Amino acid sequence: MQIALLGTKKVGKSSILKVVFQKMSPNETLFIDSTSRIEEIKVENNPYTKYTFVDFPGSFEVSQINTQDRKILSKCAMIIYILDAQDQPYNKPLEKFINIVTEVHSFNPDCMFEMFIHKIDGDMFVTEDLKLEAQNGVSYLLKADIQERKLPEPGFFLTSIYDLSIFEALSKILIKVSPQVNYIQNMLDNLMNYCRIDKVYLFDVINKLYIATDSTPVDLISYELCADMIDVVIDVSCIYGISGNDNVASAFDRKSTSVIKLDSGLTLYLREIEHMLALVCLVKEDNFDRQNLIDYNIDIFKDGVKQIFQAHEKLLKSEENKS
Ligand SMILES: Nc1nc2c(ncn2[C@@H]2O[C@H](COP(=O)(O)OP(=O)(O)O)[C@@H](O)[C@H]2O)c(=O)[nH]1
Ligand SMILES: [Mg+2]
């Protein structure tokens, strides 16, 4: 699956990809060179989440699109447009966005469009209200053009590489392009009801994006707790669990599991589900009294996920053979 990142210069496109997928620390992004030609980042942490992110240079203008750009954009399932929230006024970048959507929609009508209102960590956005005001402003400025040209409406996300908002936004949009997620979500809802779990995420252990969650709303606090737990488990395994020749990937295997009890009365519980995929859930301590029941249901969930992924693989293979 191919996803392109577009936007004007210096808005943070390359920084986002490097921080989320290449473990660069946010401060280091201050020193990255500007992107002069199209760069690809392949993400394949397990056989079921395969993405190619295409980082376009900020100088790309859709009015001067060449055959190579067109070929790439016609294969994209999604385009993420990055807008620098700290660089007002927004008229010019929004005009660029509308031109891109108009053009790409004409030759790739199935492509989805998402907008990251990025660098929302600035002094101008200290309160949640100010952040929402920025989002409403952008949505208002785009509305007339979108309606007039009958273009698909983009989803909006407030993001920054200095907190988990960029991970959360990417998790949400990748779920939109993953066909198997609806089934997994249903299974997570069942698991939650049977085991009286408060919130459950299925995490890609390497980049800490969740590939599915139950249908209750995601709040940053529960996401952060569960993502931190993965760090703790991997760190402890790396220090005490693997020998010198092993790589980091072997710090997480079929036997990986962990229980952390919090002062707030909540228990965090982690279990391996598939290669580099972890189920992390938040359960009230009182509801964690019968752990074997939870384990039993997680085992059933695990089997279900395996079947869904196998069916998906089969479908992909038969599509590949056809083309
Ligand atoms: N404050 C802030 N700065 C960011 C953020 N993301 C990227 N930057 C900075 O924006 C600048 C341009 O980033 P770069 O990734 O090269 O932008 P690109 O040209 O769109 O690829 C760098 O100095 C980054 O450190 C963010 O979330 N917040
Ligand atoms: Mg760049």
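**Exercise 1.** Which exposed residues does the face of helix 6 turned away from its buried side carry?

*Solution.* The model is predicted: local features need pLDDT of at least 70, side-chain atom pairs count only at pLDDT 80 or more, and totals for chains, interfaces and linings use all residues. Residues are numbered from 1 along each chain as its sequence is written, chains are lettered from A and ligands numbered from 1 in the order written, and side-chain values use heavy atoms, without hydrogens and water.

Step 1. Helix 6 spans residues 181-195; helices are DSSP runs of H or I with at least four residues, strands are runs of E with at least two, and both are numbered from the N terminus.

Step 2. Buried means under 20% relative accessible area, exposed over 50%, partly exposed in between (1.4 Å probe, protein chains only). Buried in helix 6 are Val181, Ile184, Leu188, Asp189, Leu191, Met192 and Cys195. They lie on the same side of helix 6, because their arc around the axis is only 165° (taken from the directions from the helix axis to the C-beta atoms).

Step 3. The face turned away from that side carries Asn182, Tyr183, Asn193 and Tyr194.

**Exercise 2.** State how helix 6 is oriented to helix 8.

*Solution.* Step 1. The two axes come within 10 Å and cross at roughly 170°. Axes are lines fitted to C-alpha atoms, for helices over the stretch in contact (heavy atoms within 4.5 Å), with angles from 0 to 180 degrees between N-to-C directions.

Step 2. Helix 6 is therefore roughly antiparallel to helix 8 (angles over 145 degrees).

Step 3. On the helix 6 side, the contact includes Ile184, Leu188 and Leu191; on the helix 8 side, it includes Ile298, Phe301 and Val305.

Note on methods. The expected span of a helix is 1.5 Å times one less than its number of residues. Angles under 35 degrees count as roughly parallel, over 145 as roughly antiparallel, 65 to 115 as roughly perpendicular and the rest as oblique.
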